[in-house]
2 protein chains.
Amino acid sequence: MNPLRCSFCRKNEAFYVRSYEGIGLCHKCFKKNIEDRVRRTISKYKMLKPDDHVAVAVSGGKDSLSLLTILRKITKRFPKSRLTAVTVDEGIAEYRDEAIRIAKNYYKKHSIDYAIVSFEDLFQMKLDELVKKKRELSPCSYCGVLRRRAINLAAEKVGANVVATGHNLDDEAQTAMLNIVHGDVTRISRVEPVLEDPNGRFLRRIKPICEIPEKEVALYAYENGIEFQSVPCPYMATSLRNDMRSMLNRMEVKHPGTKYTVFRSIEKLRSALKLYAGKIELKNCRYCGEPTTTDICQVCKILKKAVP
Amino acid sequence: MNPLRCSFCRKNEAFYVRSYEGIGLCHKCFKKNIEDRVRRTISKYKMLKPDDHVAVAVSGGKDSLSLLTILRKITKRFPKSRLTAVTVDEGIAEYRDEAIRIAKNYYKKHSIDYAIVSFEDLFQMKLDELVKKKRELSPCSYCGVLRRRAINLAAEKVGANVVATGHNLDDEAQTAMLNIVHGDVTRISRVEPVLEDPNGRFLRRIKPICEIPEKEVALYAYENGIEFQSVPCPYMATSLRNDMRSMLNRMEVKHPGTKYTVFRSIEKLRSALKLYAGKIELKNCRYCGEPTTTDICQVCKILKKAVP
């Protein structure tokens with residue numbers, strides 16, 4: 001039996017079969033294809049300008065380190081652009097230390113500017129301490145709110161004007177479905193591949209790998225010999241996201257392309273919801289002054305109750 | 001230890017704990033509460049008028065026979081209203097014969113007018129034969145389209161002006177989520193608790209038990225001593241709906257009330273989508289003349305290819 005040839009170069013042997021497109025890819029074409037697709041996403045959603053200073057949020061996992069690797073290649077062509085990695089130490093015993101060590105190794109190896117900020121410095125509390133005090137929501141809910149703020153603060157500190165995060169296709173599909181299950185439908189209209197305030201009250205947020213399935217992001221990291229943390233966060237098991245993840249994975253196996261279909265569904269719903277809900281008013285938080293859609297931002301809602 | 005008292009009558013012992021409301025119910029109050037809630041759904045969505053002739057679609061399962069039982073009680077107060085049961089024989093060997101026997105027993109016991117129509121008579125083909133010929137979609141997809149048409153034809157034949165179906169809360173939540181996974185987001189705006197054409201080109205369709213969870217519909221059937229078919233359809237295992245069902249059931253256990261939250265999310269999305277998509281034009285099918293949103297209705301699309 002002849003080995004399957006790469007559908008792109010038609011020369012090398014394919015090492016990966018992409019079910020949702022019915023094609024095979026060789027090592028070289030796979031890497032190039034992933035990078036081209038991220039370029040297309042960036043261009044389609046107008047994510048970057050030639051002179052942007054991009055803060056890349058790096059956790060030390062496969063998504064953020066693949067994102068950083070791809071953005072390094074892409075921004076190399078733009079001499080006025082700049083990249084700085086920002087890493088958040090949430091204060092999760094053992095787990096996070098390992099990730100930070102991995103991230104730092106990468107920064108040194110590739111001479112990347114970086115900044116590390118911690119929940120302890122910014123909020124006077126490690127995540128491990130917070131989740132012991134507050135139990136109404138899942139640890140992931142608290143961590144998500146505080147980490148986003150921490151990344152923004154770090155990005156402002158290093159002088160960046162854009163924040164890039166490593167949300168992949170699976171993350172986006174899961175989040176949209178979870179918003180429906182949680183009743184947060186208007187949130188669908190606010191979580192976009194690129195989010196920018198016309199009045200510049202917050203840094204532009206972009207998700208350049210939001211159209212790459214998680215599996216292919218992991219494969220990209222392996223193919224590039226990127227060392228990444230593969231142990232899952234100890235709090236992950238408590239998350240409802242796991243149920244959504246396995247449901248979508250099962251559906252993707254039965255019907256390849258399901259995750260893309262969900263992504264396109266979200267885009268249609270987003271357009272509809274934007275028209276319906278109109279513009280969302282941005283206010284300043286009563287306590288910290290950061291932009292928020294309510295009187296008190298989520299960060300202060302979490303901290304004011306926890307820290308008396 | 002004292003037994004848990006019913007939260008309604010505060011007298012009898014509770015036999016069922018409703019987690020999403022944090023209450024217990026006795027046998028008598030449970031039955032009354034289910035009937036009251038269906039009354040509220042009917043009134044909220046303006047499903048029925050005092051002189052309606054309602055065709056109740058009865059498969060012989062717990063949902064349709066509970067629906068018929070509740071509608072019999074409700075319409076009893078309206079002397080100008082009328083109920084007729086319509087049952088479709090899809091042609092599923094063994095499985096459907098049993099269900100029809102059960103449905104007929106119910107009709108005779110309670111002196112209910114009924115009509116039985118078959119895929120074989122209406123479409124010159126049993127479902128078992130169709131699914132052998134056509135394999136692009138799941139059996140459930142074909143059956144759903146043809147069964148809906150069969151119910152409408154039967155309802156028109158008996159002179160009804162409304163069709164009531166036994167879709168429960170679980171069905172509605174699953175369907176909305178599946179529409180997103182399948183990319184059919186505009187369908188969300190067309191699948192409502194009540195669907196009526198202002199120009200009367202199709203019979204009004206209502207789902208009176210769409211706000212009752214499946215579990216409580218089954219319990220209602222048991223409590224009323226209704227004999228129903230409990231064997232699942234032999235084609236069910238092939239359905240993606242099963243994955244969605246188990247995911248939503250797991251979430252409901254972890255977070256009681258999740259299915260209601262999804263139901264409310266759909267209502268918000270529906271309002272947004274209606275505004276966005278505008279009115280959907282209704283045409284007549286080129287082949288059979290039935291109302292459709294495309295040139296050829298789904299039924300003819302299935303049959304024209306299958307029957308040369």
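These legends describe close-up views of a predicted model that holds chains A and B.

**View 1. The rotation axis relating chain B to chain A.** Chain B is superposed on chain A by a rotation of 180 degrees, with 0.0 Å of shift along the axis and an RMSD of 0.0 Å. This is the relation of a two-fold axis. Within chain B, the residue that comes closest to the rotation axis is B:Ala272, whose C-alpha lies at 2.7 Å.

**View 2. The side of chain B that touches chain A.** Contacts link 25 residues of chain B with 25 residues of chain A. On the chain B side, the elements giving two or more residues are α7 (169–182), α10 (241–254) and α11 (258–277). The largest share, twelve residues, comes from α11(B). By residue class, this side of chain B has 14 nonpolar, six polar and five charged residues. Of the interface residues of chain B, 100% are also interface residues in chain A, so the copies meet through the same surface.

**View 3. Helix α6 of chain B, residues 139–157.** The helix has 19 residues, which at 1.5 Å a residue should span 27 Å; the end C-alpha atoms are 26 Å apart, in agreement with that value. Buried residues of α6(B) include B:Pro139, B:Tyr142, B:Cys143, B:Leu146 and B:Arg149. Further along α6(B), B:Ala150, B:Ile151, B:Asn152, B:Ala154 and B:Ala155 are buried as well.

**View 4. The residues just after α6(B).** Here B:Gly159 takes a positive phi of about 85 degrees.

Methods. Residues are numbered from 1 along each chain as its sequence is written. Chains are lettered from A and ligands numbered from 1 in the order in which they are written. This is a predicted model: local features need pLDDT of at least 70, side-chain atom pairs count only at pLDDT 80 or more; totals for chains, interfaces and linings use all residues. Copies are superposed by least squares on the C-alpha atoms of residues with pLDDT of at least 70 in both. Two residues are in contact if their C-beta atoms, placed from the backbone, lie within 7 Å. Helices (H or I, at least four residues) and strands (E, at least two) are DSSP runs, numbered from the N terminus. Ala, Val, Leu, Ile, Met, Phe, Trp, Tyr, Cys and Pro count as nonpolar, Asp, Glu, Lys and Arg as charged, and the others, Gly among them, as polar. The expected span of a helix is 1.5 Å times one less than its number of residues. A residue is buried if 20 or more other C-beta atoms lie within 10 Å of its own, exposed if 12 or fewer, and partly exposed in between; C-beta atoms are placed from the backbone.
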